[in-house]
Amino acid sequence: MSRRERVVAAMRAGQAALIEGFETADGEGRFIEHRWDRPGGGGGSARVLEEGRVFERAGVNMSVVHGERVPESLARQHPAAAGKPFFATGVSMVLHAANPYVPAFHANFRYFETGAEDDPEALWWFGGGADMTPSYPFAEDAVAFHGALQALCLRHPGVADYDAWKATCDDYFTVRHRGEMRGVGGIFFDEISGPEGGDFDAELAFVADGLGSLLDSYLPIVTRRHDLPYGERERSWQLYRRGRYVEFNLVYDRGTLFGLQTQGNIEAILMSMPPLARWAFDVTPEPGSPEEASLAFFQPRDWLGAEARASTTKGR
């Protein structure tokens, strides 16, 4: 099989496993499939679950697209790719739970290649990551989530770099006009080795393992939190924090920009938006409230350091 065929097979297997895992966790909701074709070449499968028992909206999308010219945003980043045909595939997912105590979750793994499929000098690279966005953060959840991502990286020495990718994630998922992170971070990498060349087999193995590890990193947190009682106050704060999610996706997210520039399916691109959100003028949480305490979580923190681990005994 070609490089492209191997990556597509890994992405399809990952999408299927994730859909099965999230449906099992929800217990009632089911993913509906929406297939789409891209006018310039290729298409994808948007799989969306709405109004489930646990998830208010969950999407696990896969795309396989190609075109005659590399999109402008990537050509600026990689001048050597400018004007060349391209191929791209990936799996992306976003989950927004009904219970305000369950964090939102996002992850994607993607592959990009320029030139003809059989071109020995084609440029190629993998990108991706995973991050978590709670409205009411718990230190033990952040520590567990980052611990799972670090373990994933440690299984692939020479390919993955948790410390560097965590720092990149903290910086990338910052809502700069607000001066805060979207959530508690995770890992993020634009390119594992860059288009100059890397170890394709090792990088594909990492991506396949990454897709397979997402359920183990997130679902235990869902299980701990989805039955916690909440009321109108917690729901209102959740919707307000979702506003930050929307602001980031529409202003800063490069994946959204890439999808729009490549004429991707609009419904699939904007599937990442929460089904409901709110904005209010100059919101200031009550001093000493859980809402005020949550704000301290939305700044870079070493979640696997001794101080962070000790804080898990104190809850939020």
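View 1. The model is a predicted one, where local features need pLDDT of at least 70 and side-chain atom pairs count only at pLDDT 80 or more, while totals for chains, interfaces and linings use all residues. Residues are numbered from 1 along each chain as its sequence is written, and side-chain values use heavy atoms, with hydrogens and water left out. The largest pocket takes up about 1,100 Å³. Of its 48 lining residues, Arg110, Arg254, Gly255, Thr256 and Phe258 are the closest to the centre. A pocket is an open set of points on a 1 Å grid over the protein atoms alone, where a 1.4 Å probe fits, with protein on both sides within 12 Å along at least five of seven lines; lining residues have an atom within 4 Å of a point. Volume is the space filled by probe spheres set on the points, which are joined across faces, edges and corners. Strand E4 (86–97) gives the largest share of this lining, seven residues. Helices (H or I, at least four residues) and strands (E, at least two) are DSSP runs, numbered from the N terminus.

**View 2. The second largest pocket has a volume of about 220 Å³.** Its lining includes Ile32, His34, Arg57 and Met271. Strand E2 (42–50) supplies the largest share, three residues. By class, the lining splits into six nonpolar, one polar and three charged.

**View 3. Seven strands make an open antiparallel sheet, ordered E1-E2-E3-E4-E5-E6-E9.** E1 and E9 (186–189) sit at the edges, each pairing on one side only. Strands pair if DSSP finds at least two bridges between them; E4 and E5 have ten. Look for Ser92 opposite Asn108 in E5.

**View 4. Helix H1 (residues 3–26) lies across E2, E3, E4, E5 and E6.** H1 runs at about 170° to E3, with angles going from 0 to 180 degrees between N-to-C directions and axes being lines fitted to C-alpha atoms, for helices over the stretch in contact. H3 also packs on the sheet, touching E5, E6 and E9. Contact means heavy atoms within 4.5 Å.

**View 5. The axes of H3 (139–154) and H4 (162–172) come within 9 Å.** They cross at roughly 135°, so the two helices are oblique to each other. Oblique is what remains once angles under 35 degrees (roughly parallel), over 145 (roughly antiparallel) and 65 to 115 (roughly perpendicular) are taken out. His146, Leu149, Gln150 and Cys153 in H3 meet Tyr162, Trp165 and Lys166 in H4.

Technical notes:
Ala, Val, Leu, Ile, Met, Phe, Trp, Tyr, Cys and Pro count as nonpolar, Asp, Glu, Lys and Arg as charged, and the others, Gly among them, as polar.
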